[in-house]
Structure formats: C-alpha cells, structure tokens
Amino acid sequence: MITLDRLRPARGDRLVCPYCYTRLTERLILFRCTGRPGPDGAQCAPVDDAAIRTHLGRRERLPPVFAADGRRPRAVCPDCGAATATRVCVTCHARLPVNFGRIPGRLIALVGARESGKTVFMTVLIHELMHRVGARFQASVGGSDDHTRHRFHTDYESPLYDDARLLAATRRTGAAREPLVFRFTTRPRGPWARRPRHTLLSFFDTAGEDLTTQESVETNLRYLDNADGVILLLDPLRMRGARAEAAPGTPLPPPERAEHPPLDMLSRVTDLLLHRTGSPSRLIPVPMAVCLTKLDVFHDALDPGSPLRRPQPDAPYFDESDSHDVHVQIRRLLHRWDGGRIDAHVTNHYADARYFGVSALGHAPDAEQRLRGGVRPYRVADPFLWMLGGFGVVPSREGRS
C-alpha cells in the first residue's frame with residue numbers, strides 16, 4: 001500500500017476555475033451584467049460569448065461581462081448602471097458557483113481509454129453520491145449551477161436510469177468538453193457542530209488516447225496540472241491474462257481496438273503529472289486511484305473469500321481496513337493478469353496511490369445495449385470516498401474487515 005503523502009497540505013489562496021481549470025486571482029474575477037434595465041433605463045444587449053464557445057463548447061448569447069473588484073460580492077455595470085452579483089471566470093466566462101473562493105473546491109480528473117466505461121462510471125458515481133452514498137454520510141449532493149443540473153439529468157442520468165440504455169462514448173478533445181460541477185454538503189456530527197460544510201467537486205472526463213497529439217496534450221495538461229486527484233480506469237479485458245478468466249459470453253475488445261494498452265495510457269498521464277513535481281527525484285504527490293472496471297465479469301473466477309466478493313461497506317466512514325484488503329487483492333490480480341508492469345509503474349511514480357475494483361453497471365448489457373436488470377453498481381464510490389477521506393471531507397478510519 002502506497003500512502004506516503006496521504007494528507008496533502010491545503011492549497012492556500014490558489015483558486016482554480018472548476019469549469020476550465022484555469023488558475024484565478026480573486027481580485028481579477030469578472031462580473032456579468034444582468035441584462036435588465038439600469039436606474040436610468042439603459043440596458044445591455046446580449047452578445048455571443050466567444051469565451052464560452054471556445055473553452056466550454058457551447059454557444060450562448062448572454063449579457064456582456066465587465067471588470068471590477070472580484071473580491072466583492074456585487075458590482076455595477078459601467079454601461080447600464082445595473083448592479084449584479086454574477087461572477088464569472090476571466091478565461092471561460094462560466095458563472096462561478098455561489099461563494100466561490102470561500103469554500104473548498106476539489107477537482108477530480110477521470111481518465112481512461114475509450115470504452116473503459118468512464119462516462120458510465122461518472123454517471124453512476126454521481127447518482128450514488130446523490131442517493132445511497134449521500135444517505136450513508138448524511139450528505140446532500142447537487143449540481144452547482146442550472147446548466148450542470150440540466151445537463152447531468154438529461155444527457156447522463158435519464159438515459160441510463162430511466163431509459164436503461166448505455167451512454168455514448170467520450171468525444172475526443174478536438175471539441176471542448178465541460179466538466180460537471182457539484183456541491184457536496186455535510187453537517188459535522190456533535191452537539192456543537194451547527195454549520196454545514198460545503199465542498200465543490202468538479203469532474204473532468206478525458207480519454208487516455210486523447211493524449212497522443214500536441215494539441216490534446218496541451219489541453220489536458222491544464223486539467224491534470226490543477227487536479228486534486230485522478231481516478232484512472234483500466235479495462236482488464238484489455239489484459240491477456242484477464243480475458244481468459246472472464247465469464248463465458250463476455251464481449252471482448254477485438255484485436256484491432258486494443259491499440260491503446262493500459263500501460264501506455266497510464267504512462268501518458270504520468271508524463272503530464274510529472275510537470276507538477278518540480279524535481280525528477282520526487283514522487284508525484286497527486287492522489288491516484290487505479291480502478292479495474294467491469295469487475296462483475298470476473299466474479300465467478302474470484303476465490304470465495306476474496307474481499308471483492310464482500311458486500312460493499314455501508315458504515316458512515318471510509319473503511320481503511322476493507323480498502324487495504326481490496327488494494328492487496330487487485331495488486332495480486334494485476335500480476336496474475338500480466339499487469340505487473342502497471343504495478344511497477346504506479347509504485348515507482350506515485351507517492352499516494354490505491355487500487356480498487358469496481359463495476360458501474362453490475363452486469364453486462366444485452367445485444368441491443370439495454371440494461372434489462374437496471375443499474376446494480378458495486379464499489380463505484382470507493383475510490384472517490386478514499387480521496388474525500390484524505391481531503392478530510394468525510395471521516396476515514398480502520399474498520400473491521
């Protein structure tokens with residue numbers, strides 16, 4: 001188990017936009033006019049916001065933005081005289097969450113090769129946080145803005161849970177992709193704990209093979225350089241040893257689609273994260289959760305006493321003992337499935353890493369890509385809760401395995 005840097009120091013005054021991951025100076029944060037008439041009847045007309053189109057990939061006609069002291073909660077538009085409380089990022093012009101800069105923000109990069117299940121994993125993870133995991137930790141989770149709330153329900157949650165159909169694969173970074181930003185709120189326990197605790201969570205979904213061109217490397221470098229944690233999804237069906245142990249009838253990636261082996265994709269991510277160390281002799285301090293996906297197809301091949309056949313934990317804390325058992329089991333599977341080089345790479349590059357085994361769907365879809373039995377996730381939240389435990393957002397302790 002690699003836990004040399006389990007609790008990282010706070011980022012201090014460093015602010016990062018949760019939508020474009022650009023570092024911000026609070027004083028230089030911009031404001032957006034309300035578009036309503038000012039005291040003298042003057043009114044700003046909507047304009048095509050080129051920054052939103054360029055950085056977030058959506059076309060919108062909105063009232064113009066203007067510069068003022070971003071440390072203040074409100075400002076007056078110099079053109080129409082109307083007061084506004086809408087603060088926006090200086091780079092992408094996205095509306096910043098309420099109290100941005102005054103509550104902690106955690107940026108989580110989700111990385112994996114195409115067809116490793118990133119989009120499904122992210123959808124199920126957020127759904128679990130909103131429901132079962134939220135109830136487990138007495139937390140509430142919701143989109144930080146109307147666009148995120150609408151986009152998550154319409155494009156992600158409803159197709160998977162209401163229509164029981166798989167989601168489309170992640171697009172390549174030739175077109176901009178917008179992270180999903182949520183607010184995770186808890187009430188600390190105890191007689192004197194009255195104030196709620198808010199944490200902003202930003203999820204960015206990128207494909208490992210996007211890191212093969214200079215343009216995509218530069219785009220993803222900004223995200224990974226400012227990420228607080230990385231969840232790396234590895235498809236074991238791309239490992240020769242694992243394919244032989246998959247359940248009969250499991251659809252296997254055809255040879256022509258296996259041009260991006262897991263180690264190559266992990267190496268590209270490591271190359272980008274090495275920019276943050278500042279020294280070739282330092283291990284990468286960013287928490288790295290390495291997850292083997294589609295665990296359900298290997299259920300019958302696991303030993304009856306394997307921790308990967310236990311019920312997932314339901315205590316109101318992250319169970320370090322259980323997680324350590326899973327870590328050791330996944331490490332053994334990696335070596336059994338010809339993934340020993342992955343383990344060596346992680347051990348020699350990362351100061352804070354943990355292995356996980358997850359299944360977002362719990363079973364394979366049918367030939368029409370429909371989920372006849374619904375979504376039955378297994379341990380999807382574990383890597384995320386491990387990170388939140390390290391950040392001090394949720395309690396973490398040694399349980400009884």
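Trainee: Are Phe-182 and Phe-203 buried or exposed in this predicted model?

Mentor: Residues count as buried when their relative accessible area is under 20%. In this predicted model, Phe-182 and Phe-203 are both classed as buried.

Trainee: What kind of aromatic pair do the rings of Phe-182 and Phe-203 form?

Mentor: Phe-182 belongs to strand S13 and Phe-203 to strand S14, 21 residues apart, and the pair links these distant parts of the chain. The ring centres are 6.3 Å apart, and planes over 60 degrees apart count as edge-to-face. Because the planes of Phe-182 and Phe-203 stand at 70 degrees, the pair is edge-to-face.

Trainee: How many residues apart in sequence are the parts tied together by Phe-298 and Trp-337?

Mentor: The rings of Phe-298 and Trp-337 have their centres 4.6 Å apart and their planes at 35 degrees, so this pair is tilted. Phe-298 lies in the loop between strands S16 and S17, whereas Trp-337 lies in the loop between helices H8 and H9, so the parts that the pair ties together are separated in sequence by 39 residues.

Trainee: Which residue in S10 stands opposite Leu-30?

Mentor: Strand S4, residues 30-32, pairs with S10 in the antiparallel sense over two bridges. Within S10, the residue opposite Leu-30 is Val-88.

Technical notes
Residues numbered from 1 in each chain as written. Predicted model: local features only at pLDDT ≥ 70, side-chain atom pairs only at ≥ 80, totals over all residues. Heavy atoms only, no water. Pairing = 2+ DSSP bridges. Helix = DSSP H or I, 4+ residues; strand = E, 2+ residues; numbered from the N terminus. Phe/Tyr/Trp six-rings, centres within 6.5 Å; stacked < 30°, edge-to-face > 60°. Buried < 20%, exposed > 50% of the residue type's maximum accessible area, 1.4 Å probe, protein only.
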